[in-house]
Amino acid sequence: MAEEVRENKEEFRLEEGLEKIEALLEKLSDQEVSLEESFRLYQEGMELLKQCSARIDHVEKQMLQIDEEGQTHEFF
C-alpha cells in the first residue's frame, strides 16, 4: 500500500490518483479477491482519496489567493 502512495504531496498528481482509485475499484469488484486483499485494497483506496482531497484543497486555496493583478499568493 505505502509503496504505491507517494509521500511528497507536490509529486502527487490528481489524475494519477484517480486512475489508481479506478483500478482499485475494478480489483475490488472481482469476486475472486480474498477478504484480506479486499481490506488492503480498501485501505489503499482510502489513502489515495485523502491525497486527492488534499490536492484539490491545495489548488482551491491557491485559486482563492489570486490578487487583483492576477498574481497568486501561497496560502499558509
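The largest nonpolar core has six residues: F12, I21, L24, L41, L48 and C52. A nonpolar core here is a set of buried Ala, Val, Leu, Ile, Met, Phe, Trp, Tyr and Cys residues joined through side-chain atoms within 4.5 Å. Buried means under 20% relative accessible area, exposed means over 50%, and partly exposed lies in between (1.4 Å probe, protein chains only). Two elements, helix 1 (14-28) and helix 2 (35-64), each give two or more residues to this core. Helix 2 supplies the largest share, three residues.

This is a predicted model, in which local features need pLDDT of at least 70, side-chain atom pairs count only at pLDDT 80 or more, and totals for chains, interfaces and linings use all residues. Residues are numbered from 1 along each chain as its sequence is written, and side-chain values use heavy atoms, with hydrogens and water left out.

**The chain as a whole**

The secondary structure comes to two helices and zero strands. Helices (H or I, at least four residues) and strands (E, at least two) are DSSP runs, numbered from the N terminus. The chain has 76 residues, and 16% of them are buried. Its accessible surface comes to about 6100 Å². Carbon and sulfur atoms hold 53% of that surface. Accessible areas come from the Shrake-Rupley method with a 1.4 Å probe; for residues, only the protein chains shown count as cover. Contact means heavy atoms within 4.5 Å. Take the contacts between residues at least 6 apart in sequence: 58% of them join residues at least 24 apart.

Helix 2 has 30 residues and should span 44 Å at 1.5 Å a residue. The expected span is 1.5 Å times one less than the number of residues. The end C-alpha atoms of helix 2 are 43 Å apart, which agrees.

Which residues of helix 2 are buried? They are S38, L41, E44, G45, L48, Q51 and C52. These buried residues pack against helix 1. L41 belongs to the core. Leaving aside neighbours within four places in sequence, L41 is in contact with L24, K27, L28 and V33. L24 is also a member of the core.

**The nonpolar surface**

F39, Y42, M46 and L49 make a nonpolar surface patch of about 400 Å². Patches are made of residues with over 30% relative accessible area and no salt bridge; like charges are joined within 9 Å, nonpolar side chains (Val, Leu, Ile, Met, Phe, Trp, Tyr) within 5 Å. L49 lies in helix 2. Its relative accessible area is 42%, so L49 counts as partly exposed. L49 and L14 are 35 residues apart in sequence. In space, their C-alpha atoms are 9.7 Å apart.

**Salt bridges**

Side chains of opposite charge can pair when their charged atoms come close. A salt bridge is a side-chain nitrogen of Lys or Arg within 4 Å of a carboxyl oxygen of Asp or Glu. How many are found in the whole structure? The search finds four.

| Pair | N to O distance |
|---|---|
| R13 and E16 | 3.6 Å |
| E37 and R40 | 2.8 Å |
| R40 and E44 | 2.9 Å |

R13, E15 and E16 are linked in a network of salt bridges. R13 is partly exposed, with a relative accessible area of 46%. E16 is partly exposed too, at 26% relative accessibility.

R40 pairs with E37 and with E44. Why are E37 and R40 about one helical turn apart? Because they are three residues apart in helix 2. R40 and E44 are four residues apart in helix 2, so they too are separated by about one helical turn. R40 is partly exposed at 28% relative accessibility, and E37 is partly exposed at 30%. Is E44 buried or exposed? E44 is buried, with a relative accessible area of 2%.

**After helix 2**

Q71 is found in the segment after helix 2. At 47% relative accessibility, Q71 counts as partly exposed. Apart from neighbours within four places in sequence, Q71 is in contact with Q65 and I66.
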